[in-house]
Amino acid sequence: MSDHAADLKKHVRAYILVFVTLMFLTLVTVAVSTQHLEVHQAIIVALIIATVKGSLVACYFMHLISEKKLILWVMFLTVVFFLVLLAVPAFTVHDRIGR
């Protein structure tokens, strides 16, 4: 077997493993939704599962796992700015301006 065929077989195996993992996490999401968790617990669990699933898709199906470090830094900065944008409303909840 040539190196190209072995390399292709290795990539297909990784894609299938990621697909099976995504399907398993989907089943976990459905199973967790049937539990009677409090809202904040359900949101935390859903965000953890969604983060893992999104990371798998970004890394393997969008090929970010083999990209150069510059793209990874840009993605990291995007996540940081997104988290800052999410935190801004939390800071304004407790201010007394306009009351």
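Predicted model: local features only at pLDDT ≥ 70, side-chain atom pairs only at ≥ 80, totals over all residues.

Reply: Residues are numbered from 1 along each chain as its sequence is written, and side-chain values use heavy atoms, with hydrogens and water left out.

Me: How many helices and strands does the protein chain have, and in what order do the elements run?

Reply: Helices (H or I, at least four residues) and strands (E, at least two) are DSSP runs, numbered from the N terminus. On that basis the protein chain has three helices and zero strands. Read from the N terminus, the order of the elements is α-α-α.

Me: What radius of gyration does the protein chain have?

Reply: The radius of gyration is taken over C-alpha atoms, and the globule rule is 2.2 Å times the number of residues to the power 0.38. Along its principal axes, the C-alpha trace spans about 75 × 40 × 10 Å. For a compact globule of 99 residues the radius would be near 13 Å, whereas the protein chain has 20 Å.

Me: What percentage of the residues of the protein chain count as buried?

Reply: Buried means under 20% relative accessible area, exposed over 50%, and partly exposed in between, with a 1.4 Å probe and protein chains only. Among the buried residues are V18, L22 and L25 in helix 1, as well as I49, L56 and A58 in helix 2. Of the 99 residues of the protein chain, the buried part comes to 7%.

Me: Which element is included in what covers the buried residues of helix 1?

Reply: Helix 1 has 32 residues and reaches 47 Å from its first C-alpha to its last, close to the 46 Å expected at 1.5 Å a residue, where the expected span is 1.5 Å times one less than the number of residues. Contact here means heavy atoms within 4.5 Å. For the buried residues of helix 2, the cover includes helix 1 (3–34); for those of helix 1, in turn, the cover includes helix 2.

Me: Why does T26 count as partly exposed rather than buried or exposed?

Reply: T26 is placed in helix 1, and its C-alpha lies 35 Å from that of T92, which is 66 residues away in sequence. T26 is partly exposed because its relative accessible area is 32%.

Me: Which residue just after helix 2 takes a positive phi?

Reply: Helix 2 (residues 39–61) has 23 residues and reaches 31 Å from its first C-alpha to its last, close to the 33 Å expected at 1.5 Å a residue. The residue in question lies in the loop between helix 2 and helix 3 and counts as partly exposed at 39% relative accessibility. Although not a glycine, it has a positive phi of about 60°, and its name is H63.

Me: Which helix supplies the largest share of the lining of the largest pocket?

Reply: A pocket is an open set of points on a 1 Å grid over the protein atoms alone, where a 1.4 Å probe fits, with protein on both sides within 12 Å along at least five of seven lines, and lining residues have an atom within 4 Å of a point. The largest pocket has a volume of about 260 Å³, and its lining includes A50, T51, L72 and F76. Helix 2 and helix 3 (69–93) each supply at least two lining residues, but the largest share, six residues, comes from helix 2.

Me: How many residues of that lining are nonpolar, polar and charged?

Reply: Ala, Val, Leu, Ile, Met, Phe, Trp, Tyr, Cys and Pro count as nonpolar, Asp, Glu, Lys and Arg as charged, and the others, Gly among them, as polar. The lining, in which G54, S55 and M75 are included, divides into nine nonpolar, three polar and no charged residues.

Methods. Points joined across faces, edges and corners; volume = space filled by probe spheres on them.
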